[in-house]
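Let's take a look at the charged side chains in this protein. Here is the model to explore alongside the text.

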Amino acid sequence: MARIEMATDQAGPGTQAGSADALFELGMLYATGRDVAADLVTAHKWFNLAAARGNAAALTRRIELAREMSSDQIAEAQRLAREWLQTH
């Protein structure tokens with residue numbers, strides 16, 4: 001969890017405010033493993049949040065990613081997204 005928060009802090013002020021584009025970029029970082037360890041659960045979480053804020057590309061990426069994940073992984077990503085919403 002600390003790694004996620006650190007990545008959020010480093011992503012800039014748009015992420016702090018929950019900008020859909022900034023959240024999408026975090027999803028891309030974790031989906032591709034660019035600058036962070038690849039993590040499908042975390043990527044899905046960020047795509048889910050970005051899609052909820054209106055980023056259409058995030059919706060597409062989240063669907064694609066979900067095809068590679070187990071139902072338990074998807075449930076974990078959704079739980080993490082809900083937790084993030086409660087604190088931001």
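What follows is a short tour of the salt bridges.

## Before we start

This is a predicted model, so to speak of local features takes a pLDDT of at least 70 and side-chain atom pairs count only at pLDDT 80 or more, while totals for chains, interfaces and linings use all residues. Residues are numbered from 1 along each chain as its sequence is written, and side-chain values use heavy atoms, with hydrogens and water left out.

## How many salt bridges?

A salt bridge here is a side-chain nitrogen of Lys or Arg within 4 Å of a carboxyl oxygen of Asp or Glu. Go by that rule and you get 4 salt bridges.

## The Glu 25 and Arg 34 pair

One of them joins Glu 25 to Arg 34, with 3.7 Å between the closest N and O atoms. Partly exposed is the range between buried (under 20% relative accessible area) and exposed (over 50%), using a 1.4 Å probe and protein chains only. Glu 25 counts as partly exposed at 39% relative accessibility, and so does Arg 34 at 40%.

Now head to helix H6, residues 71–87. Helices are DSSP runs of H or I with at least four residues, numbered from the N terminus. Glu 76 and Arg 79 sit 3 residues apart in H6, about one turn of the helix, and their side chains form a salt bridge at 2.5 Å, N to O.

Arg 79 also pairs with Glu 83, at 2.2 Å from N to O. These two are 4 residues apart in H6, again about one turn. That links Glu 76, Arg 79 and Glu 83 in a network of salt bridges. Glu 76 is partly exposed at 31%, Arg 79 at 32% and Glu 83 at 31%.
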